[in-house]
Amino acid sequence: MTDEATPVLEQEPAAAALLFGDRIELARSFTAELARRGEELGLIGPLELPRLWTRHILNSALLGPLLEADGRVADVGSGAGLPGLVLAIARPDVSFTLIEPMERRCDWLNAESERLGLENVTVLRGRAEDVADAVVVDQVTARAVSALSKLIPLTVPLVRSGGQLILMKGARVDEEIEKARKVILRKRLTDVEVLELGDGVVEETTRVFRATVD
């Protein structure tokens with residue numbers, strides 16, 4: 001007899017095939033493994049399974065079209081692989097450096113990269129500020145790491161001149177930008193904008209702070 005209190009993995013939304021194309025089987029495999037082991041490893045909360053696809057996987061995949069062709073991307077605070085591993089699945093032409101300070105999460109990222117056969121992923125254990133001398137990329141992504149006032153100084157040193165910050169944010173992103181005005185000026189960011197991704201494609205749109213690094 002099924003325990004009705006046990007969370008059940010969300011059925012795959014129709015938009016998944018649209019966002020992942022011929023990489024959909026890899027996305028399904030990753031999602032299934034994250035559902036199976038995510039809570040045990042402390043990667044996702046116990047109540048996330050009923051919204052794992054929409055809130056986490058598709059939410060991350062929406063960034064795919066914003067990435068430069070054949071570019072280099074650093075994902076700061078990769079954790080469960082959101083958005084880093086999801087984007088590596090969706091964009092095999094892009095090289096990803098997943099930056100994560102926790103050893104057990106690095107073990108997960110390495111194991112999943114190997115299991116899925118992702119040759120465009122390098123996992124780097126450490127904090128963004130500790131690896132800045134070793135990483136120079138075209139774009140930086142981050143999801144649920146910290147407020148922009150703290151996140152911008154951590155991510156700017158990783159990006160080449162003319163590169164971009166692509167930082168996933170919540171509904172209060174405009175408030176965060178206002179609080180980070182001095183940091184934005186000090187770090188000489190230009191072309192600052194907020195993008196809302198996925199309208200008409202997914203139920204929950206994704207807000208992104210995007211800016212160019214001088």
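A residue counts as buried when its relative accessible area is under 20%, and as exposed when that area is over 50%. Keep those two cut-offs in mind for this tour of a predicted model.

## A buried threonine to start with

Let's begin with Thr155, which sits in helix α7. Is Thr155 buried or exposed? Its relative accessibility is 0%, so Thr155 counts as buried. Setting aside residues up to four places away in sequence, Thr155 touches Val76, Val140, Leu165 and Leu167. The chain also brings Thr155 and Asp75 together from separate stretches: they are 80 residues apart in sequence, yet their C-alpha atoms are 9.4 Å apart in space.

## The sheet

Now for the strands. Strands of a sheet pair through backbone hydrogen bonds, in either a parallel or an antiparallel way. Here, seven strands make an open sheet, and reading across it the order is β3-β2-β1-β4-β5-β7-β6, with mixed pairing. At the edges you'll find β3 (121-125) and β6 (189-197), each of which pairs on one side only. From one strand to the next, the twist averages 20°.

β6 and β7 (residues 206-213) are antiparallel partners, held over seven bridges, and Thr190 stands opposite Thr212 of β7. Helix α5 packs on this sheet, where α5 touches β2 (95-100) and β3, and the direction of α5 makes about 170° with that of β3. Helix α7 (residues 148-155) packs on the sheet too, touching β1 (72-76), β4 (137-143), β5 (159-169), β6 and β7. The direction of α7 makes about 150° with that of β5.

For the parallel kind, look at β1 and β2, which are joined by five bridges. Val76 has Ile99 in β2 as its bridge partner. Strand β2 is mostly covered, with five of its six residues buried.

Over to the helices. How far apart are the end C-alpha atoms of helix α2 (residues 24-37)? They are 20 Å apart, which agrees with the 20 Å that 14 residues should span at 1.5 Å a residue.

The buried residues of α2 are Ile24, Ala27, Phe30, Thr31, Glu33, Leu34 and Ala35. These buried residues pack against four other helices, namely α1 (15-20), α3 (52-61), α4 (84-90) and α5 (103-116). Two of those pairings are set side by side here.

| Helix pair | Angle | Axes | Crossing |
|---|---|---|---|
| α2 and α3 | about 125° | 12 Å apart | right-handed |
| α2 and α5 | roughly 145° | within 11 Å | right-handed |

With an angle of about 125°, α2 and α3 are therefore oblique to each other. On the α2 side, the contact is made by Ala27, Arg28, Phe30, Thr31, Leu34 and Ala35, and on the α3 side by Leu52, Trp53 and Ile57.

Where α2 meets α5, the residues from α2 are Leu26, Ser29, Phe30, Glu33, Leu34 and Arg37. Their counterparts in α5 are Trp108, Glu112, Arg115 and Leu116.

The loop between α2 and α3 holds Glu48. Glu48 has a relative accessible area of 12%, so Glu48 is buried. Leaving out neighbours within four places in sequence, Glu48 is in contact with Arg55 and His56.

A few backbone spots deserve a look before you go. Which peptide bond is cis, with omega near 10°? That is the bond from Leu82 to Pro83, and Pro83 lies in the loop between β1 and α4.

Then there are two aspartates. Asp70 has a positive phi of about 60° although Asp70 is not a glycine, and its place is the loop between α3 and β1. With a relative accessibility of 63%, Asp70 counts as exposed. Asp191 has a positive phi as well, about 50°, and is not a glycine either. Asp191 lies in strand β6, and its relative accessibility of 55% means that Asp191 counts as exposed.

Methods
Residues numbered from 1 in each chain as written. Predicted model: local features only at pLDDT ≥ 70, side-chain atom pairs only at ≥ 80, totals over all residues. Heavy atoms only, no water. Expected span 1.5 Å × (residues − 1). Buried < 20%, exposed > 50% of the residue type's maximum accessible area, 1.4 Å probe, protein only. Contact = heavy atoms within 4.5 Å. Pairing = 2+ DSSP bridges. Axes fitted to C-alpha atoms, helices over the stretch in contact; angles between N-to-C directions. Parallel < 35°, antiparallel > 145°, perpendicular 65-115°, else oblique. Left-handed = near helix turned anticlockwise from the far one by under 90°.
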